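Please open the model in your viewer and keep the selection panel handy. We will walk through it one stop at a time.

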Amino acid sequence: MSEGPIVEMHTLAQLRSAFDRSFSVPAQSRENRESVIQIRVGGEVFAVRAGHIAGLVKSRKIVPLPSRIPELLGVAALRGSLIPVYDLAALLGISPGVSGPSWLMLVPCDTPIGLAFDGFEGQQEPEWLSGEQSARQHVRQLVRIGPAVRAVLDIPGLAETIRKRAGLVEPAKERQR
Amino acid sequence: MIGSWTFQKKVTIGFAVMVGLVALTTTIAVYALRTTIAIKDSVISLNAEGMIEVARLDAAFNKGVAAFRGYIAAPDEHFVSERATALQQFDEILPRLGRTVRTEEGRRLMGEITKAHDTWKESQDRALAVRTGKDGLPAALRIMREETLPFADRMEQRIGAFVELKRRIFEEAQASSNSEASMAGTLLISLGMIAVLFAATTAVFLARSLSKQIGAAVQHVQSSSAELQASANQQASGGKEAATAMNEITTTVSELLATSRQIADSAQQVAHIAEETAAAARNGDKTVLQSQESIEGIRRQVDTIVSHMLNLGKKSQQIGLVLDIINELAEQTNILSINATIEAAGAGEQGKRFAVVGDEIRKLADRVSGSSKEIRLLVEEIRTAVNTTILATETGSKAVDAGLLRFQEVTRGFKEIGGMVVTTTQAAREIGLSTKQQMTAVEQVNTAIGGAAQAAREAEATSTQTLQTATQLAQLSRNLSRIVQSQAAV
């Protein structure tokens, strides 16, 4: 009990020091460091490049819509517009979580798309593992975060898949691409 | 019937018969001796007197013959007086001689002698009467020759016959007395032989009977002595065992005495300790009452602690709520910072500095979130500790209640202990008193057992002596049996 305040003061001092020290680091050293966010989909944790998303929101109300696309959960109001929300677990072929997805990430494209997932595990700067590929669908790369190795989701590929399923991409254009 | 007689009776009767036989023999011997002596005396006195009187008669006769012849030769008055004396003696002897005669022949001879004496005396008188005249000698001689001498010869013949008769009677009496004596001797010899035979028979009978009886008795004595020896042996061994047992009992009683003394001392100590225990119980009662009061105070303090802990739990819940807010804020901040970072990245060079700030804010938010998680964990630990403390306090409260009940029971127990200690004290005193009495009794028992042990040792010595005596008796009976059997064999 007597060590509690000392630890807290020590942590607080570390926070202050780290915060102050961050501004003294040259900006150039930060440019090559790309961060990822870790999300929990079903029972698995994946990584997503921070640069591939346009934002994160939590606990948005999703209004279900009748659709022929089973992955479409519905629509949600975000930043003054309605965006379609797709179940990321269903897109990845993973069994959904127990409580249902409560987080949304915005995928930047012509028509923003929301991908719903179960949990947000934080933002880290990982160790990129070059030369190692995953056989899973929509997984482009692997990173090491601490002791764990995470699969990095191919968000643009997923967005393209959704667009195809939704009929937003013409077949000829598709062939050209 | 004789077989059932006792040894004394048999010996007495045997000796009585022997004494009777000896007495009979002695009586017969005395009687025979006296008879023989009487016969001898009769033979000697009567016949000797007769013989003497015959000799005297013959002497008086010869004296008369001599006086007659002297007067014839020389008539002198002297011869006359001598003749008269001789005749007088003859007349005096003749009756005495007649008293010794027992036979008819003797009496006939005595008559003939008397008659011849008278005839001879008359012829002498005539011759003497003739001699006194003148020329009387030849007439006297003639008468003498013709009458007196034949009468004198006849007289001598009669006297000689009488003497011969006397000698014959004497010899017959002597033979008769010898025969009587011989018969008496034969009778005595017969009686003696009978007595000897009876004595021998009696001796053999007594020897056989007595040897049989004594042998049986000796055998009985021998078997009895053997049994007595065995009994004495057993008694000796029993006496030894009794002496050993008495020694062991003496040792045990001594140990019992020592134990009784120890018990008496222990009882005194117990009484002393019981008194101290009573005092301690009273002090314990007071202490328990004080402790009960203290426990009631503790109970109140525990109730206060429980209320404070419950309050602390509530505060912890409130901290949890605040932490939820902080966590929510941190999460929102984190989201905002991430979104700001993403937006800054989309703003190009102008947004890089802002991206740095956003990143740092995100880190701060992460750390705040981590700290809030730590705080939540700490608060959870605090709540767990509070709950544990509350449970422990409630348990302690229950324990205090139980302790109060226990203390009440302890108080009752102390009171009961006090009562029991009083009882124990009394009992210990009674035990001490009883043990002292028991000790006295045990000392008396010890003394009595010492006497009994001495008696046992004396009994052992006596039984040993009895054993020796029985052994000697057995040896004696064997010797006696050997003697009796050897006599019986002889």
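The tour below starts with chain A and then moves on to chain B.

This is a predicted model, in which local features need pLDDT of at least 70, side-chain atom pairs count only at pLDDT 80 or more, and totals for chains, interfaces and linings use all residues. Residues are numbered from 1 along each chain as its sequence is written, chains are lettered from A and ligands numbered from 1 in the order in which they are written, and side-chain values use heavy atoms, with hydrogens and water left out.

**Stop 1: chain A as a whole**

Select chain A, and you will find 5 helices and 11 strands. Helices (H or I, at least four residues) and strands (E, at least two) are DSSP runs, numbered from the N terminus. Of the 177 residues in chain A, 42% are buried; buried means under 20% relative accessible area, exposed over 50%, and partly exposed in between (1.4 Å probe, protein chains only). Contact means heavy atoms within 4.5 Å. Taking contacts in chain A between residues at least 6 apart in sequence, 52% join residues at least 24 apart.

**Stop 2: the cores**

Now show the side chains of A:Ile39, A:Leu88, A:Met105 and A:Leu115, the residues with the most contacts inside the largest nonpolar core, which has 34 residues. Such a core is a set of buried Ala, Val, Leu, Ile, Met, Phe, Trp, Tyr and Cys residues joined through side-chain atoms within 4.5 Å. Centre on A:Leu88: setting aside neighbours within four places in sequence, its contacts include A:Val41, A:Ala116, A:Phe117, A:Leu153 and A:Leu158. A second, separate core has 23 residues, among them B:Val54, B:Leu97, B:Ile113 and B:Ala152.

**Stop 3: a loop residue**

Go to A:His138, in the loop between β9 (127–129) and β10 (139–145) of chain A. Although A:His138 is not a glycine, it has a positive phi of about 65 degrees. Its relative accessibility is 14%, so A:His138 counts as buried.

**Stop 4: chain B as a whole**

Switch to chain B, with 5 helices and 0 strands. Here 30% of the 490 residues are buried. For contacts in chain B between residues at least 6 apart in sequence, 87% join residues at least 24 apart.

**Stop 5: helix pairs in chain B**

Select α2 (residues 77–99) of chain B together with α3(B): they pack at an angle of about 170 degrees, with their axes 11 Å apart. This makes α2(B) roughly antiparallel to α3(B). Axes are lines fitted to C-alpha atoms, for helices over the stretch in contact, and angles run from 0 to 180 degrees between N-to-C directions. Angles under 35 degrees count as roughly parallel, over 145 as roughly antiparallel, 65 to 115 as roughly perpendicular and the rest as oblique. In this contact, residues of α2(B) including B:Leu87, B:Phe90 and B:Leu94 meet residues of α3(B) including B:Ile113, B:His117 and B:Trp120.

**Stop 6**

Finish at B:Ala258, in helix α4 of chain B. With 34% relative accessibility, B:Ala258 counts as partly exposed.
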